[in-house]
Amino acid sequence: MTQNSNIEVNYKNKKRYNYARRPIRQPMFIVWLIWFLSKMLLIGKKYKIEKVGMDGLKPPYMILSAHQFFIDFELTALITTPHRVNNVVALDGFYRRPWLMELIGAIGTRKYITDLALIKSIYHVLKRGDVLCMYPEARYSPCGITSYMPDSMGALVKRAKVPVVTIVHHGNHLHSPFWAFRKKRKVPLHTVATLSLTPEQIERMSVAEINEHLKKALQYDEYKYQKGNNILITEPYRAEGLHKILYQCPHCMKETMASEGTHIFCTSCGKKWELCENGDLKATEGETEFSHVPDWFLWEREQVKTEIERGEYSFSDDVDVYTQPRCWKFDHIGPGKITHDEENGFILTGHYRGADYRTQRLPIQNNSLHIEYDWVYVKPEDCFEISVDNDSFYCYPTKKNVITKLAFATEILYERAMQKKNTTAKV
């Protein structure tokens with residue numbers, strides 16, 4: 001079997017979702033219905049929306065928004081009304097309701113694949129004079145800081161030649177942290193929408209300059225925002241789930257963290273830290289290695305990078321696999337085995353309906369990894385997704401608390417693969 005040879009799952013129903021269909025134009029009653037429902041969902045929450053440089057801005061234009069939790073969509077809808085909008089939405093968002101998603105103008109895609117149909121749909125929306133909204137991070141931010149954003153964003157903007165609005169949300173992660181979204185916190189929300197690039201500016205800039213500009217415009221740090229605005233989170237459960245992103249102990253270096261109440265602690269050495277009301281971390285005894293949550297998170301990423309550079313990184317596990325070849329349901333295809341390393345990337349194998357299947361994604365094919373903590377659609381456990389052109393595999397690992405590290409490794413291996421490719425091209 002050759003490297004990167006894939007064998008499809010032996011489904012009884014071979015039909016797949018048709019990405020090539022052009023997105024419909026939102027009916028005006030849908031525009032106002034979304035505005036109304038967004039208003040209703042925000043009742044009881046303190047929020048502020050600020051627009052910078054957007055006076056008189058009319059479609060077509062593109063929105064690039066930071067992504068912290070579902071509430072992002074509600075706040076963005078208040079910004080775009082009364083303009084018609086087409087949102088780029090991952091296929092899992094179409095689950096059981098493709099007709100509704102299509103009615104509201106959603107453009108379906110799978111995460112972290114090269115989707116030419118999506119590119120055509122984006123330009124189709126802009127050409128007919130509407131708003132195109134997308135979330136380049138392609139997943140909720142695990143740690144309340146900007147996640148990976150692809151360089152393809154600059155090329156897309158350069159070719160589109162329409163104004164670009166960037167939206168940064170503040171407070172959304174603190175209100176609904178991805179690692180513990182079921183228990184909300186009382187936090188004020190502040191969304192800032194900025195006209196970041198005009199067609200004239202885009203014309204003068206290179207793709208690399210556009211990428212640099214947009215990545216800077218979409219930078220955020222929720223914990224700095226919390227301290228800078230004197231926001232106190234007093235809920236007694238505020239640290240529960242924090243170990244999902246802070247999985248490695250900086251004291252004994254073991255990946256054995258847990259959390260409860262207002263504390264995060266290591267089950268190996270016993271060291272404990274409190275997540276204070278102002279968002280700081282403080283060791284209950286001894287040195288506080290990291291007082292800033294993102295600093296701990298980024299330190300872990302460097303640990304993974306070092307492990308990869310030493311040639312010591314590899315991952316293998318038994319996984320319970322669900323797939324989404326279509327929209328209406330997730331297929332449970334049972335147990336599988338997965339490996340991840342620098343040479344082969346992800347290899348997922350299994351057996352379903354009397355036949356073997358095999359899916360491989362090389363490091364250069366995955367610039368990031370879609371992870372879910374306590375996922376709501378299938379079963380409330382942590383999982384990660386590997387997508388190919390016509391299928392998505394949701395893998396529930398046997399090993400505990402590994403998906404954050406897998407996401408780090410995926411991004412680092414992609415960066416190394418791209419560096420190798422660019423170096424080879426110059427020779």
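In which loop does N401 lie? N401 lies in the loop between β18 and α11 (403–426); a legend below returns to this residue. The views show a predicted model, in which local features need pLDDT of at least 70 and side-chain atom pairs count only at pLDDT 80 or more, while totals for chains, interfaces and linings use all residues. Residues are numbered from 1 along each chain as its sequence is written, and side-chain values use heavy atoms, with hydrogens and water left out.

**View A. Helices α1 and α2 in contact.** Helix α1 (residues 28–41) and helix α2 (residues 71–80) have axes that come within 9 Å and cross at roughly 130°. That makes α1 oblique to α2 (angles under 35 degrees count as roughly parallel, over 145 as roughly antiparallel, 65 to 115 as roughly perpendicular and the rest as oblique). Axes are lines fitted to C-alpha atoms, for helices over the stretch in contact, and angles run from 0 to 180 degrees between N-to-C directions. Helices (H or I, at least four residues) and strands (E, at least two) are DSSP runs, numbered from the N terminus. On the α1 side the contact (heavy atoms within 4.5 Å) is made by I34, W35, S38, K39 and L41, and on the α2 side by E74, A77 and L78. These residues divide into five nonpolar, one polar and two charged (Ala, Val, Leu, Ile, Met, Phe, Trp, Tyr, Cys and Pro count as nonpolar, Asp, Glu, Lys and Arg as charged, and the others, Gly among them, as polar).

View B. The strands form an open sheet of mixed pairing, in the order β1-β7-β6-β2-β5-β3-β4; two strands pair if DSSP finds at least two bridges between them. β1 (47–52) and β4 (107–109) stand at the edges with a single partner strand each, so one side of each has no neighbour in the sheet. From one strand to the next the twist averages 20°. β1 pairs with strand β7 (residues 189–197) in the parallel sense over six bridges, and K51 stands opposite A193 in β7. Helix α2 packs on the sheet, and its direction makes about 50° with that of β1. Helix α5 (residues 152–160) also packs on the sheet, touching β2, β5, β6 and β7, with a direction at about 165° to that of β2.

View C. Seven of the seven residues of β18 (residues 391–397) are buried, so the strand is largely enclosed by the rest of the structure (buried means under 20% relative accessible area, exposed over 50%, partly exposed in between, with a 1.4 Å probe and protein chains only). D391, F393, C395 and P397 point one way from β18, and S392, Y394 and Y396 point the other way. Strand β12 (residues 315–323) pairs with β18 in the antiparallel sense over five bridges, and V319 has P397 as its bridge partner. Strand β17 (residues 383–388) is also joined to β18 by five bridges and runs antiparallel; here I386 is the bridge partner of F393. β17 and β18 form a hairpin with two residues between them.

**View D. Backbone exceptions in loops.** Most residues other than glycine have a negative phi, and most peptide bonds are trans. The peptide bond from P59 to P60 is cis, with omega near 5°, and P60 is in the loop between β1 and β2. N401 is not a glycine but has a positive phi of about 55°, and is partly exposed, with a relative accessible area of 23%.
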